[in-house]
Amino acid sequence: MAGSAEKNLRELGISLPKPPAPIANYVPFVRTGNLLTVSGQVCFDGDGKLVARGRVGDAVSIDDGQNAARACAINLLAQVKVEIGDLDKVVRVIRLGGFINSAPGFGDGPKVMNGASDLMVAVFGDKGKHARSTVGVAALPADAAVEVEALFEIS
């Protein structure tokens, strides 16, 4: 039976996609004890297409960047679901790390990352509040606008 986190996803109109296989020499997540580290997820939608391609602050608006960050968060949750089966086993979202494909001089990466952060809080409530870093980068895989990684405490 789906718990409150999955109910919240349904109410948001979100169904978790099947996570893509890694495209390089890494695993999608590592579990050690009650910690689950999820590798960076780029902003693919459920059909495997990028939500936003290119640099935020140039070809990509802040709003489109936020939507891309939200897509990354959805992909993170899809990986978590594969590993633990029930999103209600998430005790806490500990940390998100965001990488924003940024135009030179673009300094609003934290606004872009709110797309991922807001979704975690919408899904998990207070358990979704987390520490965070946001870094502007010159390029990301597939020219994605955003990539997000995460650390979760699980039961």
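Mentor: A strand is a DSSP run of E, at least two residues long, and strands are numbered from the N terminus. Keep in mind that this model is predicted.

Trainee: Which strand holds valine 146?

Mentor: That strand covers residues 146–154. Valine 146 therefore belongs to a DSSP run of E. The strand is S5.

Trainee: Is valine 146 buried or exposed?

Mentor: Buried means under 20% relative accessible area. Valine 146 has 0% relative accessibility, so the label is buried.

Trainee: Which residues does valine 146 contact, leaving aside neighbours within four places in sequence?

Mentor: Contact means heavy atoms within 4.5 Å. Cys43, Gly65, Ala68, Ala69 and Cys72 are among the partners of valine 146.

Trainee: What is the relative accessible area of glutamine 41?

Mentor: Glutamine 41 lies in strand S2. Beyond four places in sequence, glutamine 41 touches residues including Cys72, Asn75, Val146 and Glu147. Glutamine 41 counts as buried, because the cut-off is under 20% and its relative accessible area is 6%.

Trainee: Which element gives the largest share of the lining of the largest pocket?

Mentor: The largest pocket holds about 300 Å³ of space. Two elements give two or more residues to its lining: strand S2 (35–42) and helix H2 (62–84). The largest share is three residues, and they come from S2.

Trainee: How many residues of that lining are charged?

Mentor: The largest pocket is lined by 15 residues, with Ile23, Tyr26, Gly40, Val42 and Phe44 nearest its centre. Ten are nonpolar and four are polar. The charged count is one.

Trainee: How far apart are the end C-alpha atoms of H2?

Mentor: H2 has 23 residues. At 1.5 Å a residue they should span 33 Å, and the model agrees, so the end C-alpha atoms are apart by 33 Å.

Trainee: What is the relative accessible area of aspartate 143?

Mentor: Aspartate 143 sits in the loop between S4 and S5. Its phi is positive, about 60 degrees, although it is not a glycine. Aspartate 143 is partly exposed, because that label lies between 20% and 50% and its value is 37%.

Key:
Residues are numbered from 1 along each chain as its sequence is written. This is a predicted model: local features need pLDDT of at least 70, side-chain atom pairs count only at pLDDT 80 or more; totals for chains, interfaces and linings use all residues. Side-chain values use heavy atoms; hydrogens and water are left out. On a 1 Å grid over the protein atoms alone, a cavity is a set of points where a 1.4 Å probe fits but cannot get out, and a pocket is an open set with protein on both sides within 12 Å along at least five of seven lines; lining residues have an atom within 4 Å of a point. Grid points are joined across faces, edges and corners, and a volume is the space filled by probe spheres set on the points. Helices (H or I, at least four residues) and strands (E, at least two) are DSSP runs, numbered from the N terminus. Ala, Val, Leu, Ile, Met, Phe, Trp, Tyr, Cys and Pro count as nonpolar, Asp, Glu, Lys and Arg as charged, and the others, Gly among them, as polar. Buried means under 20% relative accessible area, exposed over 50%, partly exposed in between (1.4 Å probe, protein chains only). The expected span of a helix is 1.5 Å times one less than its number of residues.
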